[in-house]
Amino acid sequence: LAFVDSDDQIDRDFFDVMLPYLLDSNTDIVCCGMRILGTQVSYLSPSTKTEYYYGKDCLQLLAQRNGCGDYLMNKIYRRSLFYGVEFPKGKIFEDVFTQHILFGKAQKVVWLDKCLYNYRINAAGISHGKQINLHHMDFVSSSYEQYLYIKKVAPQFSEVSFAKYVNSIVIVAAGFVSRQRGKLCRGLIADLKGKAQACLDEAKSNPYCSEKLRHELEIVCHGY
């Protein structure tokens with residue numbers, strides 16, 4: 001299975017290069033690097049050469065945001081990996097709700113040192129659009145679910161995953177404050193303040209929550 005965004009492009013040999021690795025009986029996910037269309041920017045694997053990982057080891061890369069990506073678009077999957085896994089209904093950022101589960105189920109993941117996927121930044125899209133709305137709370141919710149999952153199945157990576165969740169609160173809160181006003185926005189900020197306050201004590205003792213991140217979390221709690 002592959003999931004290509006409608007406004008993106010894949011190289012002609014995307015499947016020709018990646019599929020042979022998936023045919024390995026123990027491989028469940030094959031990932032490739034991405035180019036950002038219209039720029040000179042590209043993202044390769046966490047290494048500069050083809051690497052093999054146990055699926056749960058990718059949860060650490062996912063939590064560290066180390067090139068792994070909790071998006072599905074630059075990966076192909078063994079179909080059986082999706083047995084019992086569904087995208088959440090009525091949610092955006094469905095990748096973030098799902099990718100950690102797929103890594104957790106995978107026996108082996110292959111990261112190729114080749115850019116085969118071409119990503120288009122859409123100024124009107126969900127990820128890069130200027131309009132922040134209720135659905136962006138899904139980013140926070142999905143990050144929290146990801147943290148809870150990693151805490152359960154790979155607790156050795158839970159602290160870094162918690163820091164990623166805290167970061168999602170800070171990012172979305174800043175977006176609401178800088179881009180919108182009104183009753184809805186104030187209600188969402190109040191919700192984020194509650195989430196931030198619940199994280200505050202743990203963030204202070206978490207080695208992956210930098211001083212800057214803790215300061216930004218304090219601003220969400222008391223400054224908005």
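This is a predicted model: local features need pLDDT of at least 70, side-chain atom pairs count only at pLDDT 80 or more; totals for chains, interfaces and linings use all residues.

Trainee: OK, which residue does K108 form a salt bridge with, and how far apart are the closest N and O atoms?

Mentor: K108 pairs with D24, and their closest N and O atoms are 3.1 Å apart. The two sit in distant parts of the chain, 84 residues apart: K108 is in strand β6 (residues 108–119), while D24 is in the loop between α1 (14–22) and β2 (27–36).

Trainee: And how accessible is D24?

Mentor: D24 has a relative accessible area of 31%, so it's partly exposed.

Trainee: What about K164, which side chain does that one meet?

Mentor: K164 meets D70 in a salt bridge, 2.7 Å from N to O.

Trainee: Is K164 buried or exposed? And D70, buried or exposed?

Mentor: K164 is buried, because its relative accessible area is 9% and the cut-off for buried is under 20%. D70 counts as buried too, at 14% relative accessibility.

Trainee: Next pair. What's the N to O distance for K195 and D191?

Mentor: Their side chains meet in a salt bridge at 3.9 Å. Both are in helix α6 (residues 183–205), and they are 4 residues apart, so about one helical turn separates them.

Trainee: How accessible are K195 and D191?

Mentor: K195 is partly exposed, with a relative accessible area of 26%. D191 is partly exposed as well, at 35%.

Trainee: Switching to packing. At what angle do the axes of α3 and α4 cross?

Mentor: Roughly 20 degrees, and the axes of α3 (residues 94–105) and α4 (residues 137–153) come within 8 Å. The two helices are therefore roughly parallel to each other, since angles under 35 degrees count that way.

Trainee: Left-handed or right-handed crossing?

Mentor: The crossing of α3 and α4 is right-handed.

Trainee: Which residues meet there?

Mentor: From α3 you have V96, F97, H100, I101, G104 and K105. On the α4 side they meet D138, S141, S142, S143, E145, Q146 and Y149.

Trainee: How do the residues of that contact divide into nonpolar, polar and charged?

Mentor: The contact of α3 with α4 has 4 nonpolar, 6 polar and 3 charged residues.

Key:
Residues are numbered from 1 along each chain as its sequence is written. Side-chain values use heavy atoms; hydrogens and water are left out. A salt bridge is a side-chain nitrogen of Lys or Arg within 4 Å of a carboxyl oxygen of Asp or Glu. Buried means under 20% relative accessible area, exposed over 50%, partly exposed in between (1.4 Å probe, protein chains only). Axes are lines fitted to C-alpha atoms, for helices over the stretch in contact, and angles run from 0 to 180 degrees between N-to-C directions. Angles under 35 degrees count as roughly parallel, over 145 as roughly antiparallel, 65 to 115 as roughly perpendicular and the rest as oblique. A crossing is left-handed if the near helix is turned anticlockwise from the far one by less than a right angle, and right-handed if clockwise. Contact means heavy atoms within 4.5 Å. Ala, Val, Leu, Ile, Met, Phe, Trp, Tyr, Cys and Pro count as nonpolar, Asp, Glu, Lys and Arg as charged, and the others, Gly among them, as polar.
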